[in-house]
Amino acid sequence: MTHLAPAKLWWTANDLADAMLPDVPTTQQSVERWIKRVNLRANAGVARRRTGRGGGWEYHWSALPLAARKALLAEVATPVGAGAVSRGQAWEWFEGLPEAVQAKARQRLGCVQSVEALEFQLGRDLAVREVAKLKGVSPRTLWNWLGLVEGVRPDDRLPHLAPKHRAAPRKVIRAEFDEDFYDWLVSDYLRLERPSFSSCYRRAERAAKAQGWATAPERTMRRYLDARVSQPSQVLARMGIDALKRMYPPQRRDKTALHALEVVNADYHRFDVFVAWPGSDTPVRPQMVAYQDVYSGRVLSWRLALTANADDVLLAAGDMIEDWGIPEHVLLDNGREFAAKAVTGRAETRNRFKALEADIPGLFTALGCEIHWATPYAGQSKPIERAFRDMCDAIAKDPRFAGAWTGNKPEAKPENYASKAVPFDTFLKVVAEGIEEHNMRQGRRSEVAWGRSFAEVFAESYEKAPIRKATEAQRRLWLMGAKGLTVNRVNAKITFLGNEYWATWLHEHAGKRMVVRFDPADLHAGVHVYSFDNRYLGAADCLMKGGFLSLEAAREHNRARKDWMRAEKEALRKYRTLTTLELGRALDETAPGDPMPAPEAKVVKLVQPTAPRNPAPAPITPEVQAEQRVIAVDLAAKRAPKPAEEVPRERFRRALELERSAEAGDALTDEQRRWLRGYQSTAEYRAERAMWADFGDAYFG
């Protein structure tokens, strides 16, 4: 058995232009430009030097676009049984028909069945006449319908009775326009400035008049652009990478396998409310750091602050651990307040701040929690963002905050914007009530709630789950800030924030660097001293009170489709053939009108001659020439064509064999499953599968 292939395998650029194949340019110059754009000559498997008179290059038919390959194969594909189709093909065609056409087929089937029901009593001829009179159709038409289903199984009659005008392939008439005109138009349209298609078309027409290109109407060109450039590629080019990410379906993660306090996540939220904060002359918008149990959705602890800071992250974590226990996994925002060394110091996946040997273990690191970082700028990777959305309505728009709501964005300011600032005590009370109501609200629809509240779901799992509790020594980890300091070599004092701390046993550690943990709300209460391997040494009292000081602090996406996004980027690079610089130059060349002549200066100022700023370049020495030759050889080696890779047809055949093995119940290795999942998400897989769907295994040979 041989591969299903056209009679002519190798084509020159002139042959391709004359063949008028779908999605292939119709002039030799346009074909050559397309070949250069996709770099066909770099692949030795699909491009070769033409032998014989004239020379040149010729290209294998498998390198052509999908529509062109289908057209070539359609000329050599032999139908089975002179136009006969299988049952599956007939029903597949019928399901693709509009509902109105399917209804006509069902009406015809009813007439045929009526004739067959009366045929035994009246005979076929009289039965046809009676049914034709009853149904309002001519007997000749009814006889034609009976002929269509002659010898067809009763359960397969519908596709044969459907009107056949839909079965004929549509004859597509390609509008005549120059490919250069299309390339110019597409390159102008696919820009982040998002110009309208009409303005791009007008500029392209102006360039076409100057270059002598054939054009087509605006609506025709828009249809061609939408047919050739995929919608994701257009979104990527005109709206950017973030808009492309939103087009990829979000990942749905299962929580049913978790238990209470196994995974918690935390983030900061800024309230859309003006508050009269103690000590502040102007109203502020407070921020809240909150920890939420991922399994149940319950908010476990929270703290308010003016700004996001690491101190409040530690204090809120301490509230959670003291009230409920130590979590196994912590999903944190990637902000600096959560990546602070006091919170996640010495974590392996922490990529903020400079990692030093002298760094102390952070709170979650010291407690043995596994730290996970949320994807930047991807709110859906943190479940707590959903809770914050509820609070934007249930808390921020509370009637007691009337006049203090700021709106969720600058253009959404209410009519009574900044007419009131809520007292801090009132704000604190309403927030506490709102979070409690959020936890106790009935009717939750998550996969573990089933109409219950978050608090009930958490309580049920908490009673059965293995929970780690913190000791008194561990309690100091979150109630105290942490700072690496050096003990004075002479008097063994520790100086910190204007205060001096001392104990008799510190002389044994004079000149050494220690870890000092302290209460940020009461620096005069003394400090606790640890060694750098986290051994507790003792407490040191404050000797000199340099003033009370209170510290404040604070601290949040599948992968996607990187393979899918990378494919869209490559597709966009193929569609956008002209740069903005080339577009600008073309517009400059076709600018209407002559420029106004510059006025002539009447007064000329005498300029004293000066020495030239740029002296003549120094002569090139033999050593420099030798270095330049080495660089040239290296660049030539890098530009050498790469060896031919596995052709797309063989890759798809390998993927198809893996799919069939998986369907048959055979075990695949982890490497095979990873390769198959990645390959199934590529545009090459979809194109090859479309070819295989049309021609079956004969496509492979």
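**Ground rules**

I number residues from 1 along each chain as its sequence is written. Since this is a predicted model, local features need pLDDT of at least 70 and side-chain atom pairs count only at pLDDT 80 or more, while totals for chains, interfaces and linings use all residues; side-chain values use heavy atoms, with hydrogens and water left out.

**Confidence**

I looked up pLDDT (the predictor's confidence in each residue, from 0 to 100) first. The chain mean is 81, and 82% of the residues reach 70 or more. Residues 77-83 stay under 50, and there the model has 1 contact beyond four places in sequence; contact here means heavy atoms within 4.5 Å. Residues 545-557 are also below 50, but that stretch has 74 contacts in the model beyond near neighbours in sequence.

**The largest nonpolar core**

My term for a core: buried Ala, Val, Leu, Ile, Met, Phe, Trp, Tyr and Cys residues joined through side-chain atoms within 4.5 Å. Buried is under 20% relative accessible area, exposed is over 50%, and partly exposed is in between (1.4 Å probe, protein chains only). The largest core has 32 residues, and the members touching the most others are Leu-16, Leu-21, Val-31, Ile-35, Leu-40, Leu-64 and Phe-652. Helix 1 (13-19), helix 2 (28-38), helix 3 (66-76), helix 24 (648-663), helix 25 (670-680) and helix 26 (683-695) each give two or more residues to this core. Helices (H or I, at least four residues) and strands (E, at least two) are DSSP runs, numbered from the N terminus.

I then picked Val-31 and asked what it touches beyond four places in sequence. I found Ala-13, Leu-16, Ala-17, Val-24 and Pro-25. In soluble globular proteins, nonpolar side chains tend to be buried together.

While there I noted Met-20, in the loop between helix 1 and helix 2. Met-20 has a positive phi of about 55° although it is not a glycine.

**Rings**

I counted ring pairs next: rings of Phe, Tyr and Trp (its six-membered ring) pair if their centres lie within 6.5 Å, with planes under 30 degrees apart stacked, over 60 edge-to-face and the rest tilted. The structure holds 19 aromatic pairs.

Phe-177 and Tyr-224 are edge-to-face, 5.1 Å centre to centre with 75° between the planes. They link distant parts of the chain, 47 residues apart: Phe-177 sits in the loop between helix 8 (157-161) and helix 9 (179-189), Tyr-224 in helix 11 (residues 218-228). Both Phe-177 and Tyr-224 are buried.

Phe-274 and Tyr-417 have ring centres 5.6 Å apart and planes at 65°, so I log this pair as edge-to-face too. The pair spans 143 residues, from Phe-274 in the loop between strand 4 (263-270) and strand 5 (275-276) to Tyr-417 in the loop between helix 17 (384-394) and strand 10 (422-423). Phe-274 is buried at 14% relative accessible area, whereas Tyr-417 is partly exposed at 32%.

The charged end of Lys-413 sits over the Tyr-417 ring, 4.6 Å from its centre. Arg-238 does likewise over Tyr-189, at 4.0 Å.

I also found one aromatic cluster made of Phe-652, Trp-675, Tyr-679, Tyr-685 and Trp-692.

**Helix 14**

Is helix 14 enclosed or open? With 11 of its 14 residues buried, helix 14 is largely enclosed by the rest of the structure. Among the buried ones are Asp-311, Asp-312, Gly-318 and Met-320. I checked its length: the expected span (1.5 Å times one less than the number of residues) comes to 20 Å for residues 310-323, and the end C-alpha atoms are 20 Å apart, which agrees.

**Single residues**

Ala-539 lies in strand 16 (residues 536-544) and is partly exposed at 40%. Beyond four places in sequence, Ala-539 contacts Ala-503, Trp-505, Val-527 and His-528.

Leu-583, in helix 22 (residues 580-589), is buried at 4%. Its contacts outside four places in sequence are Trp-184, Ser-187, Asp-188, Arg-191 and Leu-578.

Notes
A charge sits over a ring if NZ of Lys or CZ of Arg is within 6 Å of the ring centre and within 35 degrees of the ring normal.
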